[in-house]
Number of protein chains: 2
Amino acid sequence: MVISKNMEALVAGSSVIRKLFEEGLEMAKVVGKENVYDFSLGNPASPVPKKVGEEIARILKEEPLGKVHGYMPNAGFPEVREKVAKSLNARFGMGYDGGDILMSVGAAGGMNCVFRAMLNPGDEVIAFAPFFGEYRNYVANYGGTLTVVPPDIPAFQLNLEALESRITEKTRAVIVNNPNNPSGVIYKEETIQKLGEVLAKAEAKYGRPVYVICDEPYRELAYGGKTVPYIPKYIKNSIYLYSFSKTLSLPGERIGYLALSKEAEGHEELMPALVCANRILGYVNAPSLFQLVVGECLEEPVDLEFYDRNRKLLYEKLTGMGFSLTDPEGAFYFLIKSPVPDEEVFVNKAKEFHILLVNTKSFGLPGYVRLAYCVSYDMIERSLGAFEKLAEAFKLG
Amino acid sequence: MVISKNMEALVAGSSVIRKLFEEGLEMAKVVGKENVYDFSLGNPASPVPKKVGEEIARILKEEPLGKVHGYMPNAGFPEVREKVAKSLNARFGMGYDGGDILMSVGAAGGMNCVFRAMLNPGDEVIAFAPFFGEYRNYVANYGGTLTVVPPDIPAFQLNLEALESRITEKTRAVIVNNPNNPSGVIYKEETIQKLGEVLAKAEAKYGRPVYVICDEPYRELAYGGKTVPYIPKYIKNSIYLYSFSKTLSLPGERIGYLALSKEAEGHEELMPALVCANRILGYVNAPSLFQLVVGECLEEPVDLEFYDRNRKLLYEKLTGMGFSLTDPEGAFYFLIKSPVPDEEVFVNKAKEFHILLVNTKSFGLPGYVRLAYCVSYDMIERSLGAFEKLAEAFKLG
């Protein structure tokens with residue numbers, strides 16, 4: 001054994017997802033690519049906004065290349081951080097300045113900085129099921145433990161009663177992913193307010209802050225005019241993480257930011273620690289050209305319509321066939337309740353009809369599967385016959 | 001205290017370097033920017049090769065944007081990994097294929113992946129003084145300890161006798177940075193061969209591999225026709241790390257790679273663990289556009305002349321003034337021996353003449369200062385009068 005002990009299981013876990021991916025490729029070889037309906041991946045399919053390419057060209061032409069591709073302070077270009085702060089202030093009535101912003105290697109990089117800066121071995125972080133399985137690894141990277149709050153079925157809001165009993169003196173943070181991957185649900189203002197009350201009570205009891213880590217790469221993907229409450233507005237001990245991966249369809253470029261509210265307890269020690277973590281984790285800084293690009297695209301509208309028609313079509317057709325779905329209010333996912341207790345039976349039956357779905361056991365939610373509709377409308381239309389056969393197989397409708 | 005215990009000292013240490021930077025800015029306000037001679041930073045000053053811009057433009061025009069800016073396998077674009085393998089094979093007679101390559105967020109990102117994949121808390125990694133101080137943090141991120149081998153003065157090769165006594169049953173790897181930051185020395189073939197012998201002996205004794213982590217961002221910066229031995233050619237248990245930061249003057253873009261020799265012990269478990277570490281540390285993948293760019297610039301020649309004339313001028317003039325310097329064979333650094341026992345006195349005196357130098361205490365080498373000559377020739381010429389005054393102040397020459 002040359003790898004570290006806690007890597008073994010992780011590597012084994014990785015290969016499960018890889019296996020699904022490879023099964024899809026094998027399937028495509030046999031039945032043709034157009035007859036495989038892959039709803040397993042969260043890779044944004046909407047086109048990259050034109051402004052991104054225009055800004056790349058402009059920056060490379062107008063700015064000195066030594067700056068564009070060079071080192072800057074570890075927290076990012078000061079002028080980009082200022083622009084991010086101003087945009088958040090204008091949109092959410094906050095009081096950030098550039099010093100409260102850290103440009104990060106996506107939201108995943110930002111979250112690793114938070115845990116590196118904050119966790120002592122044995123510390124606890126809480127996630128609400130269903131949750132993005134990588135959180136468990138991000139916490140484990142620094143010797144912490146993820147505590148899971150069971151899901152709030154069927155509303156898929158936050159199970160706050162169960163949260164209360166899970167906060168201990170070792171709890172340093174709770175993660176809230178809004179809109180949620182994999183449920184597609186938006187946590188309501190009322191839910192956030194109650195969360196704030198539960199945390200305030202715990203903070204008073206243990207005499208230390210319990211931060212909310214707001215993971216919001218899907219913020220702009222909210223349908224039907226719904227709004228996503230900006231948590232730091234409600235809860236002062238909040239660390240806000242954002243990624244441009246989904247909004248600008250740039251997931252490979254690894255660009256996002258972190259914002260720490262001025263009112264957050266320990267701001268003066270936490271902010272330098274976050275910047276230091278960004279450096280020593282080897283990110284050093286968020287990729288430089290794309291810092292400058294996103295600085296010009298902060299309020300570039302997302303192509304919501306691209307996902308909304310997928311969402312409407314699938315929701316209407318699948319509920320019509322008798323599937324039981326979460327209401328897809330945001331992000332580009334929803335959950336389908338497995339019609340049989342073992343969701344793996346459902347996943348495997350779907351595969352027989354060349355539909356690829358992800359079981360949400362690793363999201364802390366057995367009995368469900370995730371459908372990612374960040375795909376072409378065309379593929380959805382082609383898939384409907386297969387879904388009908390799947391419904392028939394389980395005698396739905 | 002809201003930050004983790006081991007972050008306190010790190011943050012305090014960070015502010016020492018920041019202080020120097022800020023002192024330089026203050027100095028510039030008083031005496032003018034052109035009268036401050038900043039030799040403290042390792043930020044490459046040579047121009048970005050034209051081919052980089054041409055490739056960015058070509059890729060954005062010819063390739064689908066969903067690919068250019070999108071997710072790919074965590075290890076990187078398969079075709080880029082193939083190209084890297086072929087280039088290493090052609091240049092160094094190796095037998096890599098694409099599966100042995102991980103595209104990384106610079107060499108710093110690659111090294112963090114290595115330690116995340118390999119270290120259990122309490123494991124040891126060895127560095128040879130003088131060494132890049134961040135190694136200590138990269139190892140500490142995962143609960144490991146850095147053991148320092150004292151410097152081999154005055155040759156600044158590897159102190160292999162001292163190494164032998166420092167390898168324990170907990171030693172997982174030794175880091176070799178060739179050419180070396182901060183000494184500018186190139187480790188000779190003979191040194192590498194002897195290193196291989198010492199490690200083979202230790203591996204036999206403890207019954208487990210002790211890997212060489214080859215940190216080689218400065219590989220192409222070798223002057224006077226000198227060559228840098230390719231360590232994996234000599235030592236099979238080698239993990240090779242490369243960054244395009246210096247060669248292509250792209251430090252802000254965070255792009256590099258890692259190559260694991262096929263013959264390395266545990267290759268079959270180590271490679272998947274490295275890829276998994278790249279994912280769970282939140283890098284997810286190296287920035288996508290720049291993966292494609294560097295894939296076309298793998299053998300783009302570095303502008304060696306840009307640094308070589310700086311090197312020659314400074315070495316000639318400073319030795320002429322009576323300063324004692326390491327022979328700057330590679331990278332863009334050399335060491336000046338402090339003319340007084342406390343190098344901080346020397347650093348502070350230099351500041352009086354507006355010369356900024358870094359003391360190498362944090363590199364594990366008290367009594368010396370580092371001079372980074374990745375600056376404009378012009379600034380060096382302007383600085384010579386100040387160096388003369390500094391020499392006089394210590395009665396050199």
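**A strand and a contact**

Guide: This is a predicted model. In chain A, Tyr211(A), Ile213(A) and Asp215(A) point one way from β6(A), while Val212(A) and Cys214(A) point the other way. Each of these residues is buried.

Visitor: How many residues of β6 in chain A are buried?

Guide: Five of its five, so to speak: strand β6(A), residues 211-215, is mostly covered.

Visitor: Which sense does β5 pair with β6 in, and over how many bridges?

Guide: β5(A), residues 171-177, pairs with β6(A) in the parallel sense over five bridges. Within that pairing, Val174(A) has Val212(A) as its bridge partner.

Visitor: What unit do β5, α8 and β6 make?

Guide: A right-handed β-α-β unit, in which α8(A) covers residues 189-206.

Visitor: And β7, how many bridges join it to β6?

Guide: Four, and β6(A) and β7(A), residues 238-243, run parallel. Cys214(A), one of the buried residues of β6(A), stands opposite Tyr240(A) in β7(A).

Visitor: New topic. How many residues does each chain put into the contact?

Guide: Chain A gives 57 residues and chain B gives 57 residues. On the chain B side, the elements that give two or more residues include α1 (5-31), α2 (50-62) and α5 (106-118) of chain B.

Visitor: Which element gives the most on the chain B side?

Guide: α5(B), with eight residues.

Visitor: How do the residues on that side of chain B divide?

Guide: The side of chain B that touches chain A has 31 nonpolar, 19 polar and seven charged residues.

Note on methods: Residues numbered from 1 in each chain as written. Chains lettered and ligands numbered in written order. Predicted model: local features only at pLDDT ≥ 70, side-chain atom pairs only at ≥ 80, totals over all residues. Buried ≥ 20, exposed ≤ 12 C-beta atoms within 10 Å, placed from the backbone. Pairing = 2+ DSSP bridges. Right-handed = clockwise from strand over helix to strand, strands pointing away. Contact = placed C-beta atoms within 7 Å. Nonpolar A, V, L, I, M, F, W, Y, C, P; charged D, E, K, R; others polar.
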